[in-house]
Amino acid sequence: MEKITIVCGTNRNDSVSYQIANLYKQLLNNVGCPNELIDLSDLPNDFAFSALYEMAGKNKDFNHFRELMASTNKFVFIVPEYNGSFPGVLKTFIDGLKFPDTFKGKKCALVGVSSGIQGAGLALSHLTDIFHYCGTEVLSLKPKLSHIEKNFENGKITNPLYKALLDEQVEKIIGF
């Protein structure tokens with residue numbers, strides 16, 4: 001099985017998205033799929049100024065992330081909804097990666113996480129557009145985990161539908 005890199009799409013400490021990313025990691029482990037988790041809270045604090053544009057490739061702390069993402073062919077992004085879209089740090093992270101090589105001809109899956117009813121649907125739509133622009137195939141099954149506080153407890157999904165959707169997505173991204 002090919003290694004899958006999971007990206008927690010926020011740099012918020014102790015976020016629900018990070019907990020969902022860890023749960024996803026465990027789901028991949030359960031089926032023997034090698035994986036790695038990137039937590040955007042581990043990014044260098046100044047990367048938006050020291051690793052983008054004319055500074056690309058010059059921040060040794062960010063270059064680790066650039067290399068990991070460039071060497072991966074399949075990704076899973078855990079995407080929280082912030083103000084009707086996804087966090088700016090996720091877009092900045094993507095902008096800091098080598099274009100178009102990081103994503104061109106590769107594949108990804110998206111999981112939306114929100115406190116509201118839409119399950120980050122708009123955020124997933126925005127991110128899908130960006131990945132399509134980058135030449136990335138996006139898996140059509142995109143679980144939207146709405147009202148997450150009511151459906152996630154102690155590191156576990158309590159909603160059987162959400163659990164089934166995540167299990168199905170794991171199966172599909174492996175075969176994608």
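The model on screen is predicted. Leu40 sits in the loop that runs between S2 and H2. Show its surroundings next. Beyond residues up to four places away in sequence, Leu40 touches Val7, Cys8, Gly9, Thr10 and Asn11, and also Val89, Leu90 and Phe93.

**Stop two: Asn59**

Move to the loop between helix H2 (47-50) and helix H3 (60-70), where Asn59 is found. Is Asn59 buried or exposed? Asn59 counts as buried because its relative accessibility is 8%, and the cut-off for buried is under 20%. Display polar atoms here. The side chains of Asn59 and Ser50 are joined by a polar contact of 2.5 Å. Then look towards the start of H3: a side-chain oxygen of Asn59 comes within 2.9 Å of the backbone nitrogen of Asp61. Neighbours within four places in sequence aside, Asn59 is in contact with Pro44, Asp46, Phe47, Ser50 and Ala51.

**Stop three: helix H3**

Follow the chain into H3. Which residues of H3 are buried? They are Phe62, Asn63, Phe65, Arg66, Leu68 and Met69. Keep the helix repeat in mind: an α-helix has 3.6 residues a turn, so residues three or four places apart point the same way. Now colour what covers the buried residues of H3. The cover includes strand S1 (4-8), strand S2 (35-39) and strand S3 (74-80), along with H2 and H4.

**Stop four: Lys144**

Jump to strand S6 (residues 144-145), which holds Lys144. Pick out its side chain. A polar atom there lies 3.2 Å from the backbone oxygen of Lys142. Next, select what Lys144 touches, leaving out residues up to four places away in sequence: Gly112, Gln118, Gly119, Gly121, Leu124 and Tyr162. Take Tyr162 from that group.

**Stop five: the largest pocket**

Rolling a probe the size of a water molecule over the atoms shows where empty space is left. The largest pocket has a volume of about 190 Å³. Select Arg12, Val16, Ser17, Pro80 and Tyr82: of the 13 lining residues, these are the closest to the centre of the pocket. Then show helix H1 (16-30) and helix H6 (148-151), each of which supplies at least two residues of the lining. Colour the lining of the largest pocket by class: five residues are nonpolar, five polar and three charged.

**Stop six: the second largest pocket**

How much space lies in the second largest pocket? About 170 Å³. Its lining is made of Lys91, Ile94, Asp95, Leu97, Lys98, Phe99, Pro100, Thr102, Phe103, Ile130, Tyr133 and Cys134. Helix H4 (88-95) and helix H5 (121-133) are the elements that give two or more residues to this lining. H4 provides the largest share, three residues. Finish with the class colouring: the lining of the second largest pocket has eight nonpolar residues, one polar and three charged.

Notes. Residues are numbered from 1 along each chain as its sequence is written. This is a predicted model: local features need pLDDT of at least 70, side-chain atom pairs count only at pLDDT 80 or more; totals for chains, interfaces and linings use all residues. Side-chain values use heavy atoms; hydrogens and water are left out. On a 1 Å grid over the protein atoms alone, a cavity is a set of points where a 1.4 Å probe fits but cannot get out, and a pocket is an open set with protein on both sides within 12 Å along at least five of seven lines; lining residues have an atom within 4 Å of a point. Grid points are joined across faces, edges and corners, and a volume is the space filled by probe spheres set on the points. Helices (H or I, at least four residues) and strands (E, at least two) are DSSP runs, numbered from the N terminus. Ala, Val, Leu, Ile, Met, Phe, Trp, Tyr, Cys and Pro count as nonpolar, Asp, Glu, Lys and Arg as charged, and the others, Gly among them, as polar. Buried means under 20% relative accessible area, exposed over 50%, partly exposed in between (1.4 Å probe, protein chains only). A polar contact is a pair of N or O atoms within 3.5 Å; within protein, one must be able to donate a hydrogen and the other to accept it, and residues adjacent in sequence count only if both atoms are side-chain atoms. Contact means heavy atoms within 4.5 Å.
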